[in-house]
Amino acid sequence: MFRKLNILVDMHVFDGKHQGTRTYLKGIYSSLFQITEKHHFFLVATNIDNLKYEFGEHDNVSYIKLKYHNKFYRLLIELPFLIRKHNIDYAHFQYVVPLFKNCKYIVTIHDILFEEKEFKVFFPIKYRLINSLFFRYSAKKADVLLTVSEYSKKKISEIYNISTDVIHITPNAVDKSFKKLDLAAEYTEKTNVILYVSRVEPRKNHLTLIRAFLELKLHKQGYKLVLIGSHDFPSNKLLQYVKDNEEILRESVIWKSDMSFESIKYYYANCDLFVFPSYAEGFGIPVLEAMTFNRKVVVSNQTAMKDFNLDEELTFNPYNLEDLKLKIKKALFNDMNVHSMGYSKILSKYTWDNSAAILLNLISSYDEI
């Protein structure tokens with residue numbers, strides 16, 4: 001008989017801009033609250049009003065306000081204090097755990113791309129040095145170690161020397177209500193749209209996609225390339241290319257950031273093609289989001305994107321401009337029946353209910369150890 005557990009979840013990512021870890025926590029715990037009433041959950045963040053909006057009120061959920069935004073104070077002092085105060089049995093963290101341990105830890109490490117030799121160039125050296133230390137420490141301290149893809153599981157095992165037997169996959173997914181559109185949401189480009197949703201940084205490979213778009217002369221055929229995502233640190237090569245082709249790009253390439261999630265969904269729902277040219281990902285949620293709306297997709301065949309097992313005609317080598325151009329042309333101008341591309345099989349594998357059930361079973365089984 002499994003006992004009632006007190007589970008603390010560090011939700012401080014909901015205090016900042018939207019990111020993948022936020023999607024993960026929202027999806028997995030929204031489902032978890034529905035499938036169990038036995039355990040009690042303590043959700044902690046600075047903005048608990050926002051948490052209540054995201055997750056709603058539940059008898060087995062308490063919201064705790066963090067006093068400080070400073071991550072070092074949070075990890076060294078505030079979270080250990082809350083764990084003791086509320087007799088926490090398990091605490092769930094993304095990537096980094098507190099230094100002092102006074103309960104069992106659940107740790108989700110979504111990816112360690114910055115540790116891989118071929119991708120180090122995409123990350124600042126300070127980021128690599130600090131996070132290498134913290135991520136490795138946290139992975140070793142985890143009682144329940146999670147990641148989101150087979151690819152990330154393999155790399156965590158190889159680089160941190162941890163057996164794959166103790167690394168468990170709770171995949172990202174798309175919420176059941178994702179296809180529901182808010183009629184009040186902003187949406188402007190209604191036809192002939194090629195879409196990419198991702199923050200702008202060198203690893204995301206916006207430059208190759210823009211080059212393919214221009215070299216195929218799609219702007220002369222009435223297409224617009226819509227790039228949605230925050231400009232974290234665009235590469236100098238990208239900035240120079242945009243500057244050199246400013247006159248053409250001004251009308252045909254549309255950059256959008258700080259959009260509501262509801263507005264982004266309209267672009268998914270109405271695009272002619274979704275392209276995902278990233279060099280490296282720990283998962284790749286936008287691919288599933290485009291599939292949910294039955295959009296044509298062409299996707300990078302590197303790293304975790306391989307886990308989707310897409311047909312070869314839907315994938316390309318992101319280092320090969322000509323391969324990308326060929327796949328875009330085929331997707332746009334050849335008949336492609338998306339219903340025959342296996343989307344439903346892929347989407348049925350990646351659900352938040354599945355991931356929540358995996359997490360719940362792990363918590364219960366590890367509590368017996």
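This is a short tour of one predicted model, stop by stop.

**Before you start**

Residue numbers start from 1 along each chain as its sequence is written. Because the model is predicted, local features need pLDDT of at least 70, side-chain atom pairs count only at pLDDT 80 or more, and totals for chains, interfaces and linings use all residues, while side-chain values use heavy atoms, with hydrogens and water left out.

**Stop 1: an aromatic pair**

Select Y29 and F41. Their rings pair edge-to-face, 6.0 Å centre to centre, with 75 degrees between the planes. Rings of Phe, Tyr and Trp (its six-membered ring) pair if their centres lie within 6.5 Å; planes under 30 degrees apart count as stacked, over 60 as edge-to-face and the rest as tilted. Y29 sits in helix α1 (residues 20-35) and F41 in strand β2 (residues 40-45), so the pair ties together parts 12 residues apart in sequence. Helices (H or I, at least four residues) and strands (E, at least two) are DSSP runs, numbered from the N terminus. Are Y29 and F41 buried or exposed? Both are buried. Buried means under 20% relative accessible area, exposed over 50%, and partly exposed in between (1.4 Å probe, protein chains only). The whole structure holds 28 aromatic pairs.

**Stop 2**

Now select F178 and F261. This aromatic pair is tilted: 5.6 Å centre to centre, 55 degrees between the planes. F178 lies in the loop between β7 (167-169) and β8 (193-197), and F261 in helix α9 (residues 261-270), so the pair ties together parts 83 residues apart in sequence. F178 is buried, at 4% relative accessible area. F261 is partly exposed, at 37%.

With F178 and F261 they form one aromatic cluster.

**Stop 2: helix α9**

How many of its 10 residues are buried? Seven are, and the helix is mostly covered. The buried ones are S263, I264, K265, Y266, Y267, Y268 and A269. Their cover includes β8, β9 (224-228), β10 (253-256), β11 (273-276) and α10 (285-292).

Next, pick Y187, in the loop between β7 and β8. Y187 is buried, at 13% relative accessible area. Leaving aside neighbours within four places in sequence, Y187 is in contact (heavy atoms within 4.5 Å) with Y266, Y267 and N270.

**Stop 3: a nonpolar surface patch**

Select Y68, F72, Y73, L76, I77, L99, F100, I125, L129, I130 and F134. Together they form a nonpolar patch on the surface with about 1,100 Å² of accessible area. Patches are made of residues with over 30% relative accessible area and no salt bridge; like charges are joined within 9 Å, nonpolar side chains (Val, Leu, Ile, Met, Phe, Trp, Tyr) within 5 Å. Areas come from the Shrake-Rupley method with a 1.4 Å probe; for residues, only the protein chains shown count as cover. Helices α3 (71-85) and α4 (125-141) are the elements that give two or more residues to the patch.

Pick L129, in helix α4. L129 is exposed, at 59% relative accessible area. Then pick S132, also in α4. S132 is buried, at 18%. Not counting residues up to four places away in sequence, S132 touches F114, E115, Y127 and Y160.

**Stop 4: salt bridges**

A salt bridge is a side-chain nitrogen of Lys or Arg within 4 Å of a carboxyl oxygen of Asp or Glu. The count comes to 18.

- Select D89 and R3: they meet at 3.4 Å, N to O. D89 is in the loop between α3 and β4 (90-94) and R3 in the segment before β1 (6-10), 86 residues apart.
- Select K26 and E54: their closest N and O atoms are 3.0 Å apart. K26 lies in α1 and E54 in helix α2 (residues 48-55), so the bridge ties together parts 28 residues apart in sequence.
- Select K155 and E158: they meet at 3.5 Å, N to O. Both lie in helix α5 (residues 150-160), three residues apart, about one turn of the helix.

End with R199, E201, R203, K204, D232 and E281. Salt bridges that share partners join them into one network.
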